[in-house]
Structure formats: structure tokens, C-alpha cells
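Welcome, and please have your viewer ready. Could you load the model shown below and keep the selection tool at hand?

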Amino acid sequence: KRLEARCADIRSSLQRRASARRVVSGVVAFVCNGRGQQFYGERDVDVTTLSTAGVGDEGGQVAGFFAGGELGRCPAGEVPIEPHDPPQMLGFTCAAGVLVVT
């Protein structure tokens, strides 16, 4: 059920961006190589979720690559150690950029 909730969250976020003025034309995704079948219990969860979440009429295009860790700020919902923490090495993340036509 946690997996379904997370996928629903991603779909909801992308669908909010897909409006009459902002058509989502694709997604660029950078996925930690630890987020595979061993993480979810099934294959291609991140890419499938991103490509079927209201991106285009027939499912969107997703481009990107697997990475061995990502640099970024403290994830949303987590408390940073210091108010202005520098970027840090993160793991088991999926960073996605949504490409829109305006």
C-alpha cells in the first residue's frame, strides 16, 4: 500500500502541472540504482509511474539515467541538521524534471 500511495503522489503532482496552458511533454528522471526490483519488489516502478501520469495523450516520454547517489538538499519532510545545510549525498532517490510546453 505504501508503494501505491507514493505512485499516486507522483501522478497527482504531474497531473496538476498538465493543464490547458502547461502541457507536459516529457520527464527527465535521475534514479538511484538502488531503486529497482530489490527496492520495490517489481521492475520499472519509477519510470512507469512517471510515463503514465498524465504526460501526453499516449503516455509520456521519460529520459534519464541511473545514478549511484545524488547530490541535493535535505528532502522535503526531513529536518535539516542546520537551517542552511549545504547539499549532501543522498541515496535511494528519484529526481525528476517535468518538461512543459507553455
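Predicted model: local features only at pLDDT ≥ 70, side-chain atom pairs only at ≥ 80, totals over all residues.

The protein chain holds 3 helices and 5 strands, and from the N terminus on they run α-β-α-α-β-β-β-β. Of the 102 residues, 25% are buried. If you display contacts between residues at least 6 apart in sequence, 70% of them join residues at least 24 apart.

Next, the rings. How many aromatic pairs are there? The count comes to 3.

Select Phe 30 and Phe 65 for one of them. Their ring centres lie 4.8 Å apart and the planes meet at 70°, so this pair is edge-to-face. Phe 30 sits in strand E1 (residues 23-32) and Phe 65 in strand E2 (residues 61-67), so look for partners 35 residues apart that link distant parts of the chain. Phe 30 counts as partly exposed, at 30% relative accessibility.

Then select Phe 39 and Phe 92, a stacked pair with 5.5 Å from centre to centre and 15° between the planes. Phe 39 belongs to helix H2 (residues 37-40), while Phe 92 lies in the loop between strand E4 (88-90) and strand E5 (94-101), 53 residues apart. Phe 39 is partly exposed at 33% relative accessibility, and Phe 92 is partly exposed at 48%.

Definitions and conventions. Residues numbered from 1 in each chain as written. Heavy atoms only, no water. Helix = DSSP H or I, 4+ residues; strand = E, 2+ residues; numbered from the N terminus. Buried < 20%, exposed > 50% of the residue type's maximum accessible area, 1.4 Å probe, protein only. Contact = heavy atoms within 4.5 Å. Phe/Tyr/Trp six-rings, centres within 6.5 Å; stacked < 30°, edge-to-face > 60°.
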